[in-house]
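Dear colleague,

I am handing over the structure we spoke about, and below it you will find my notes on what turned up when I went through it. Please read them with the model open beside you.

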Amino acid sequence: HFDEENKALALTRTKTFTVNETMDMGLAWHIFKNDKAQALYFHNGMTGGYSSSTLFNPEQKTAVIILSNINQYANQLDPLSFQILNHLSK
């Protein structure tokens with residue numbers, strides 16, 4: 001997603017739907033804006049006791065990917081991803 005020449009990956013980030021004032025949807029990603037008006041792309045998932053959270057900022061070329069084999073803490077992965085990416089962006 002950091003390769004600006006990759007048109008297929010860019011297509012997955014193209015806004016297709018507005019959810020509300022703070023979130024849009026792409027073909028494969030939830031799209032948020034940070035306090036610098038940069039797009040942040042987010043997706044998570046859970047299956048069979050495993051959970052994941054992925055968040056990246058292509059403009060700054062920073063990303064956070066958290067994979068867990070304990071799903072009881074799955075609701076904490078998303079906020080943690082945003083906190084880590086915010087720390088990396090400082």
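**Serine 68 and the end of strand 6**

Leaving aside its neighbours within four places in sequence, serine 68 is in contact with Gly49, Tyr50, Ser51 and Leu77. Please keep in mind throughout that this is a predicted model. Serine 68 belongs to strand 6, and at 18% relative accessibility this serine counts as buried, because the limit for that class is under 20%. Its side chain reaches the backbone nitrogen of isoleucine 70, at 3.1 Å.

**Serine 53 and its polar partners**

In strand 5, which covers residues 50-57, serine 53 is buried with a relative accessible area of 0%. Its side chain makes a polar contact of 3.1 Å with the side chain of aspartate 78, and another, of 2.8 Å, with the side chain of serine 81. Once neighbours within four places in sequence are set aside, the residues in contact with serine 53 are Phe42, His43, Asn44, Val64, Ile65, Ile66, Leu77, Asp78 and Ser81.

**Asparagine 57**

Strand 5 also holds asparagine 57, for which the relative accessible area is again 0%, so that this residue too is buried. A polar atom of the asparagine 57 side chain lies 3.0 Å from the backbone nitrogen of glutamate 59. Beyond the neighbours within four places in sequence, asparagine 57 is in contact with Phe2, Asn34, Gln38, Ala39, Leu40, Thr62 and Leu85. Glutamate 5, by comparison, stands 52 residues from asparagine 57 in sequence, and the two C-alpha atoms are 16 Å apart in space.

In soluble globular proteins, nonpolar side chains tend to be buried together. Here the largest nonpolar core has nine residues, namely Met23, Phe32, Leu40, Phe42, Leu55, Val64, Ile66, Leu77 and Leu85. The elements that contribute two or more residues to this core are strand 4 (39-47), strand 6 (62-68) and helix 2. There is also a second, separate core of five residues, among them Trp29, Ala39, Tyr41 and Phe56.

Valine 64, apart from its neighbours within four places in sequence, is in contact with Ser53, Thr54, Leu55, Ser81, Ile84, Leu85 and Leu88. Methionine 23 sits in the loop between strand 1 (17-18) and strand 2 (24-25), and with a relative accessible area of 16% this methionine is buried. With neighbours within four places in sequence left out, methionine 23 is in contact with Thr18, His30, Ile31 and Phe32, while its C-alpha lies 9.8 Å from that of leucine 40, a residue 17 places away in sequence.

**Surface patch and salt bridge**

Leu80, Ile84 and Leu88 make a nonpolar surface patch of about 230 Å². Leucine 80 is located in helix 2, residues 74-88, and counts as partly exposed at 36% relative accessibility.

Side chains of opposite charge can pair when their charged atoms come close. A search of the whole structure finds one salt bridge, in which the side chains of lysine 15 and aspartate 24 meet at 3.8 Å, N to O. How exposed or buried are its two partners? Lysine 15 is partly exposed, with a relative accessible area of 48%, whereas aspartate 24 is buried, with a relative accessible area of 18%.

**Two residues with positive phi**

Finally, I would draw your attention to two loop positions. Alanine 37, although not a glycine, has a positive phi of about 65°; this alanine is found in the loop between strand 3 (30-33) and strand 4, and counts as exposed at 57% relative accessibility. Lysine 61 is likewise not a glycine and has a positive phi, of about 55°; this lysine lies in the loop between strand 5 and strand 6, and is partly exposed, with a relative accessible area of 47%.

With best regards

Terms used: Residues are numbered from 1 along each chain as its sequence is written. This is a predicted model: local features need pLDDT of at least 70, side-chain atom pairs count only at pLDDT 80 or more; totals for chains, interfaces and linings use all residues. Side-chain values use heavy atoms; hydrogens and water are left out. Helices (H or I, at least four residues) and strands (E, at least two) are DSSP runs, numbered from the N terminus. Buried means under 20% relative accessible area, exposed over 50%, partly exposed in between (1.4 Å probe, protein chains only). A polar contact is a pair of N or O atoms within 3.5 Å; within protein, one must be able to donate a hydrogen and the other to accept it, and residues adjacent in sequence count only if both atoms are side-chain atoms. Contact means heavy atoms within 4.5 Å. A salt bridge is a side-chain nitrogen of Lys or Arg within 4 Å of a carboxyl oxygen of Asp or Glu. Patches are made of residues with over 30% relative accessible area and no salt bridge: like charges are joined within 9 Å, nonpolar side chains (Val, Leu, Ile, Met, Phe, Trp, Tyr) within 5 Å. Accessible areas come from the Shrake-Rupley method with a 1.4 Å probe; for residues, only the protein chains shown count as cover. A nonpolar core is a set of buried Ala, Val, Leu, Ile, Met, Phe, Trp, Tyr and Cys residues joined through side-chain atoms within 4.5 Å.
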